[in-house]
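Please open the model in your viewer and keep the sequence beside it.

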Amino acid sequence: MTQNPSLAKAKSDGMEYENNFELFCRTLGVGSVQHKDYIRGGTSQLIDDPCILIKHCPYVSIYGGDLCHTEFVLKLADRRLRIELKTQNKKGSTDEKIPYFFENVEHQFEEDEIILGMFGEGFRHGMPMWIESRINKIDKNVKVFYRLEDLENYIEHEIIKTQAWFIND
């Protein structure tokens with residue numbers, strides 16, 4: 001079977017962002033666990049932690065039936081931030097998945113706080129304006145970051161705020 005080198009590179013780029021984000025959270029003292037292990041309760045030491053990064057988080061899509069997944073849900077005390085990362089370094093079809101993502105944000109995601117990281121230079125130029133207009137129609141707190149550093153700065157602030165609350169409580 002012949003593998004498309006462009007698809008392999010795109011998958012690799014996406015996984016690199018996911019791995020870097022997970023490592024970043026670990027540097028802030030936030031552990032990570034696969035969703036399947038989290039719901040089993042076999043990692044109770046992590047589950048009791050007020051800050052934990054849950055990986056490969058399922059949801060039922062707007063189409064129903066099979067479960068789909070986003071990369072992460074970041075649990076910060078009683079808050080849950082669903083995080084999806086998309087990369088597109090050259091013109092392609094990843095940006096065509098964004099409207100589908102927003103339909104799921106509005107109708108399927110349980111969380112009220114949603115973060116979308118869109119990294120790379122291949123997204124269509126009109127995408128940020130379309131996203132902004134779509135966010136204004138959704139009754140959820142949706143944040144979009146176009147640089148990993150900006151996402152990390154925001155997450156670091158939220159984690160430190162949560163950790164400080166537990167220390168001072």
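This is a predicted model: local features need pLDDT of at least 70, side-chain atom pairs count only at pLDDT 80 or more; totals for chains, interfaces and linings use all residues.

Residues are numbered from 1 along each chain as its sequence is written, and side-chain values use heavy atoms, with hydrogens and water left out.

Next, colour by secondary structure, taking helices (H or I, at least four residues) and strands (E, at least two) as DSSP runs numbered from the N terminus. You will find six helices and six strands, which follow the pattern α-β-α-α-β-β-β-α-β-α-β-α along the sequence.

Now turn to the interior, where a residue is called buried under 20% relative accessible area, exposed over 50%, and partly exposed in between (1.4 Å probe, protein chains only). Buried residues make up 43% of the 169 residues in the protein.

Select F21, L74, I83, I115, L151 and I155, which touch the most other members of the largest nonpolar core, a set of 21 residues. A nonpolar core is a set of buried Ala, Val, Leu, Ile, Met, Phe, Trp, Tyr and Cys residues joined through side-chain atoms within 4.5 Å. At least two residues of this core come from each of several elements, including helix 1 (5-27), strand 3 (67-76) and helix 6 (148-168), and helix 6 gives the most, with five residues.

Stay with F21 and show its contacts (heavy atoms within 4.5 Å). Which residues is F21 in contact with, leaving aside its neighbours within four places in sequence? They are L53, F72, I83, L85, L151 and I155.

Move on to helix 4 (residues 98-107), whose buried residues are I98, F101, F102, N104 and V105. Because they cover an arc of only 160° around the axis (taken from the directions from the helix axis to the C-beta atoms), they lie on the same side of helix 4. These buried residues pack against strand 2, strand 4, strand 5, helix 5 (127-135) and strand 6 (141-145).

Finally, select the cysteines and look for disulfides, each a pair of cysteine sulfur atoms within 2.5 Å; the count comes to zero. C51 is in no disulfide, and the nearest cysteine sulfur, that of C25, is 9.6 Å away. C51 is buried, with a relative accessible area of 2%.
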